[in-house]
Amino acid sequence: MRELTYVARRTVEWREAPDPEIRSGQEAIVAPVAATSCDVDSSILAGHGFIDPPFALGHECVARVADIGDRVTTVAPGDLVVVPWSINCGTCAPCRSGLTAHCASVPHMAMYGAPIGGSWGGLFSDLVRVPYADSMLVPLPTGLDPVAMASASDNWSLSWRLVAPHLKARPGARVLVVARGSIGLYVCDIARALGASDVLYVDPDAEHRNIAEGFGARTAEMTDPIPHGFDIAVEATGRVDQLALAVRSLAPEGICESAGNHFRPGELPLLDMYLTGVTLRIARDNVRAHIPDALDLAASGNVDPARVVSHVLDWEQLPEALPDKRLKPVFVRDITPPPDPG
């Protein structure tokens with residue numbers, strides 16, 4: 001089979017790898033049918049990552065189950081499934097607590113799309129081994145478009161977690177979104193659907209702002225801090241100065257969620273944060289715990305993640321097209337199920 005491999009800045013290529021094999025009864029082999037780049041992939045392709053190439057890329061996809069071990073009970077060959085980005089067993093203490101990004105059964109930070117916590121391959125591959133199929137794989141609800149939901153592995157479900165629990169605790173909260181990519185746009189859509197009284201989206205990209213306005217957000221190309229302006233702030237830029245802007249705009253006891261990948265250092269206004277009373281979370285997401293709720297919201301019809309998809313491209317175009325700067329390209333293969341041998 002082929003793995004799409006990151007080899008240098010703005011350069012990826014197909015490389016041959018052995019076909020994955022089922023090693024235990026708990027495992028599955030899946031074939032991605034709609035895969036997309038995460039915002040962090042864009043940073044990696046731009047040369048801002050912290051891991052030297054080469055490595056297999058990709059950690060967001062909807063896949064079709066190709067084969068299963070004899071102890072897998074929740075999915076069957078032919079099923080369409082969301083493949084979460086992190087490797088997790090579902091049964092250790094962290095997993096049972098919902099901390100699936102910190103599974104104790106695998107090396108710390110084990111994931112698809114980067115050789116962290118072992119080498120698990122990437123989801124821009126023809127075939128992928130899933131070591132804990134019953135715990136990891138989430139069936140795609142009937143009626144949901146695999147292209148629209150290709151990001152449910154990470155960015156869509158992460159975006160749900162960035163605002164949904166906070167809006168439940170603070171109905172009608174005001175939300176600031178400082179962003180550069182798909183995460184911020186998903187947040188605008190979700191926040192509006194869940195009753196935010198005001199959403200301000202800040203992004204220098206006019207095309208992105210147009211999408212946010214379609215979700216009902218106010219938009220700005222840039223802004224100074226807006227003291228006490230928002231109850232919830234989401235930063236998804238990877239720039240510490242923009243994270244500082246977000247926390248400086250919070251109301252007392254406000255909450256800031258940082259989904260930016262901060263590869264570069266910077267300073268935060270700690271005294272301002274102390275005086276205001278700010279809760280700041282900077283973290284990779286424990287996405288598996290949130291995928292079902294995020295899919296339920298998508299299935300409700302109250303949101304439209306398909307509007308964030310910027311391009312739908314053929315799987316074979318990956319080496320040429322992925323390095324180009326696009327908001328949210330989705331690469332697709334035939335999504336029809338295999339014929340029933342019976």
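**Chatting through a predicted model**

Colleague: How many bridges join strand E13 to strand E14?

Modeller: Keep in mind that this is a predicted model. Strand E13 covers residues 250-258 and strand E14 covers residues 279-282, and the two run parallel. The number of bridges joining them is four.

Colleague: And which residue in E14 is the bridge partner of glutamate 257?

Modeller: E13 and E14 belong to a right-handed β-α-β unit, with helix H8 (residues 270-276) as its helix. For glutamate 257, the bridge partner in E14 is arginine 281.

Colleague: OK, over to glutamate 27: is that one buried or exposed?

Modeller: Glutamate 27 sits in the loop between strand E2 (11-16) and strand E3 (28-36). Leaving out neighbours within four places in sequence, its contacts include Ile22, Ile68, Val72 and Pro131. Its relative accessibility is 6%, and the cut-off for buried is under 20%, so glutamate 27 counts as buried.

Colleague: Which residue has its backbone nitrogen 2.8 Å from a polar atom of the glutamate 27 side chain?

Modeller: Look at the side chain of glutamate 27 and find the polar atom there. The backbone nitrogen lying 2.8 Å from that atom belongs to arginine 23.

Colleague: What about threonine 11, how far apart are its C-alpha atom and that of aspartate 324?

Modeller: Threonine 11 is in strand E2, and at 33% relative accessibility it counts as partly exposed. Not counting residues up to four places away in sequence, threonine 11 touches Thr5 and Tyr6. Aspartate 324 is 313 residues away along the chain, and the C-alpha separation is 9.7 Å.

How values were computed. Residues numbered from 1 in each chain as written. Predicted model: local features only at pLDDT ≥ 70, side-chain atom pairs only at ≥ 80, totals over all residues. Heavy atoms only, no water. Pairing = 2+ DSSP bridges. Right-handed = clockwise from strand over helix to strand, strands pointing away. Buried < 20%, exposed > 50% of the residue type's maximum accessible area, 1.4 Å probe, protein only. Polar contact = N/O pair within 3.5 Å; in protein donor to acceptor, adjacent residues only side chain to side chain. Contact = heavy atoms within 4.5 Å.
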